[in-house]
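Here is a friendly briefing on charged side-chain pairs. Please have a look at the structure first, and then read on for the details.

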Amino acid sequence: MPSRLAGRVGSAYGTVTRASGRPFGGYHCRVEIRERTIWRSPLRGPWLTAALGLALLVPLVVVIVTGLLSYAAYEPGLPGNDATPSKELLGFYLFDWPTDPPWLYRLTQGAHVALGIALVPVVLAKLWSVIPKLFELPPVRSVAHALERATLLLLVGGIVFEFVTGILNIQVFYVFPFSFYTAHLYGAWVFIGAFVAHVLLKFPTLLRSLRARPVREVLTTSTADTLPDPDGPLVATDPAPPTISRRGAAALVGGASATLFGLYIGQTLDGPLRRTALFAPHDRDLGEGANAFPVNKTAATAGVTRERADAWRLELAGPSGTRRFTRAELTDLPQYTHDLPIACVEGWSVSCTWTGVRLADLVRLAGGTPDDRLFVESFQAGGAFGQVSLSVGQSQADESLLALFVGGEELSLDHGYPARTIIPAAPGVHATKWVGRLTVVSA
Ligand SMILES: Nc1nc2c(c(=O)[nH]1)N[C@H]1C(S)=C(S)[C@@H](COP(=O)(O)O)O[C@H]1N2
Ligand SMILES: [Mo]
């Protein structure tokens, strides 16, 4: 008798024989019955797991690639930009981050964060679809089986770790007792390794499982007519009556995913659509006027006061010595105006019109050449955000500015008054506020 039927009529006997496939003793028998009767959804089976796997495949590759690009965008090879301890090979990057097009990081990091958020329901559904495996008994059957389970642990542990740290970070909820940057980078490599192995191993199964159930059939089958997959791993031996069809489940997961995407994407857009970013933490009470855009670290938390800012001089150090400039002396230099976005690693971005002195002009004023780069230091109190090495390309780009004005108004204290750098296509964290010193470094 087919084992599924045996399960359906509720025979504990049939359930057990199929599950263990061998003679059973009292203890073993009890455990197997429990395992087989908890997970009874008729949807669980090779088709659902494969369909969710396919839905995740391309977006996860985009999340991985944009994540690695974000690492490259930090220019981790330059002094002071990457504090990751003992990164060795994991810290490799292959190219200088470009300065053109200026919206590049806005796009890659917006995609990284928005897709990461949108995939949460799909990942949860995928974990739900395979959850009986977590309670598989006996826990280890052979060396090969132990290895397979260890890989799955890295895969599931890796994705859960990356999603949890990423989401906490974009919600500016820094509760973990370690550096987000380091943990998310190391976690990424664990996940990427397990992900690549998993895709290579399971892709043939994915194709086979999807072919077994044509899309047309899935789309036209009602809840009442929804049957379990024919025999296969994960299929309940004792399935409950269906409460949702496969197309209904797809609509549920897809709808949840689209809703999350829709409620986040606004934080990357300029204009009225920004107000749709209900879940994003950076878009409330921005104030009025040209300085009404998100503030990551306020002047107050950075220990910057109006008095300190007013007593300020910019120190410019280079081959021809150190010079000091008042703000008025800087506004007397040739001024340039560019529309450039600030694009934070946390996914939000905003385009502003910046006016100020060209960084390349300052390099020249300090006696540097077009092959030199800048080291930027803030006069804020302490903190890891105070120092950034810009690449030669970033220091020399026409659009890279020491900005003094935004949207035609003086920078507000929270946005970096008296002066901040703004670099095309660079991550927001490299747009140093309250610049205290610029040093020309020959590359
Ligand atoms: N000195 C200093 N500059 C800084 C920061 C900081 O904490 N200190 N935060 C950075 C980060 S993470 C971002 S995204 C942008 C945010 O700029 P905003 O606060 O002007 O919007 O400033 C960057 N510049
Ligand atoms: Mo940021």
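## Salt bridges at a glance

Lys202 counts as partly exposed, because its relative accessibility is 32%. The model is a predicted one, and a search of the whole structure turns up 11 salt bridges. Side chains of opposite charge can pair when their charged atoms come close. Some of these pairs are described below.

- Lys202 makes a salt bridge with Glu148, and their closest N and O atoms are 3.8 Å apart.

**Arg213 and Glu217**

- Arg213 and Glu217 form a salt bridge, with 2.8 Å between the closest N and O atoms.
- Arg213 counts as buried, because its relative accessibility is 11%.
- Glu217 has a relative accessibility of 31%, so this residue counts as partly exposed.

- Arg246 pairs with Asp229 in a salt bridge whose closest N and O atoms lie 3.4 Å apart.
- Here too, distant parts of the chain are linked: Arg246 is in helix 11 (residues 246-264), while Asp229 sits in the loop between helix 10 (215-220) and helix 11, 17 residues apart.
- Both Arg246 and Asp229 are buried.
- Through salt bridges that share partners, Arg213, Glu217, Asp229 and Arg246 are joined into one network.

Definitions and conventions. Residues are numbered from 1 along each chain as its sequence is written. Chains are lettered from A and ligands numbered from 1 in the order in which they are written. This is a predicted model: local features need pLDDT of at least 70, side-chain atom pairs count only at pLDDT 80 or more; totals for chains, interfaces and linings use all residues. Side-chain values use heavy atoms; hydrogens and water are left out. A salt bridge is a side-chain nitrogen of Lys or Arg within 4 Å of a carboxyl oxygen of Asp or Glu. Buried means under 20% relative accessible area, exposed over 50%, partly exposed in between (1.4 Å probe, protein chains only). Helices (H or I, at least four residues) and strands (E, at least two) are DSSP runs, numbered from the N terminus.
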